[in-house]
Amino acid sequence: MKKFSFVFIIALMLLPGCQTAQKNILDSDGESQVKIRSMQTRYFETGDKQQTLQTIIATLQDLGFVIDKASYDLGTVSGTKLDGYRVRMTVVAIPRGEGQTTVRANAQYNIQPIKDPILYQQFFDALAKGMFLTAHIDE
């Protein structure tokens, strides 16, 4: 019985430390993960995953990225931009129902995540134009 109570006391002592670590992960640098995810994610009215990925590749190349990896099966594209600094962007396209696709971009400077919304806004503005042109090219 002494062994059980000793383990229980130790577990109770460690619990507040776990909560602090969890809070730091969920609320890094005062930015909420929801806010960061919202600037990294857009929804497009298309169910054509392959065409979306082709447009993502073209958009990244237009913005000066060199495509490192692309997988149509996984729905991912990764590219690197060397313009006095090294930025790596990974973009994921996930079908959302019948006629929508979720596109999420994640950019890093070296190994640090980029939290500046301007880079994401530039990417999504260019991607939206590309998606519009692709959808209306056949008309």
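Two strands are said to pair if DSSP finds at least two bridges between them, and the strands themselves (E, at least two residues), like the helices (H or I, at least four residues), are DSSP runs numbered from the N terminus. The model shown is a predicted one, in which local features need a pLDDT of at least 70 and side-chain atom pairs count only at pLDDT 80 or more, whereas totals for chains, interfaces and linings use all residues. Residues are numbered from 1 along each chain as its sequence is written, and side-chain values use heavy atoms, with hydrogens and water left out. In this view β4 and β5 run antiparallel and are joined by 10 bridges, among them the one that pairs Met89 with Ala107 in β5. The two strands form a hairpin with three residues between them, and Gly97 in the turn has a positive phi of about 75°.

**The whole chain and the confidence of its prediction.** Four helices and six strands make up the secondary structure, and along the sequence they follow the pattern α-α-β-α-β-β-β-β-β-α. The average pLDDT (the predictor's confidence in each residue, from 0 to 100) is 83 for the chain, and 76% of the residues score at least 70. Residues 17–27 stay under 50, and the model has four contacts (heavy atoms within 4.5 Å) for this stretch beyond four places in sequence. Where pLDDT is low, the predicted coordinates should not be read in detail. Of the 139 residues, 26% count as buried, where buried means under 20% relative accessible area, exposed over 50%, and partly exposed in between, with a 1.4 Å probe and protein chains only. Among contacts between residues at least 6 apart in sequence, 48% join residues at least 24 apart.

**The largest nonpolar core, seen around Phe123.** A nonpolar core is a set of buried Ala, Val, Leu, Ile, Met, Phe, Trp, Tyr and Cys residues joined through side-chain atoms within 4.5 Å, and the largest one here has 22 residues, with Ile56, Leu60, Met89, Val91, Phe123, Phe124 and Leu127 having the most contacts inside it. Two or more residues are given to this core by each of α2 (33–40), α3 (49–62), β4 (86–96), β5 (100–109) and α4 (117–136), and α4 provides the largest share, five residues. Phe123, apart from its neighbours within four places in sequence, is in contact with Ile56, Thr59, Leu60, Leu63, Met89, Val91 and Ala105.

**The buried face of α2.** Ile36, Met39 and Gln40 are the buried residues of this helix. Seen down the axis of α2, these residues fall within an arc of 100° (taken from the directions from the helix axis to the C-beta atoms), so they line one face of the helix. Their cover includes β1, β5 and α4.

**Thr46 in the loop between β1 (41–44) and α3.** Thr46 lies in this loop and is buried, with a relative accessible area of 19%. Setting aside neighbours within four places in sequence, Thr46 is in contact with Thr52, Gly99, Gln100, Thr101 and Met131. A polar atom of the Thr46 side chain lies 3.1 Å from the backbone nitrogen of Asp48. The C-alpha atoms of Thr46 and Gly97 are separated by 9.8 Å, although the two residues are 51 residues apart along the chain.

**Ser78 within strand β3 (residues 76–82).** Ser78, placed in this strand, is buried, with a relative accessible area of 8%. Not counting residues up to four places away in sequence, Ser78 touches Val66, Ile67, Asp68 and Lys69 as well as Arg88, Met89 and Thr90.

The hairpin of β5 and β6 has two residues between the strands, and Asn110 is found in the loop between them. Phi of Asn110 is near 55°, a positive value in a residue other than glycine, and at 48% relative accessibility Asn110 counts as partly exposed.

Key: Polar contact = N/O pair within 3.5 Å; in protein donor to acceptor, adjacent residues only side chain to side chain.
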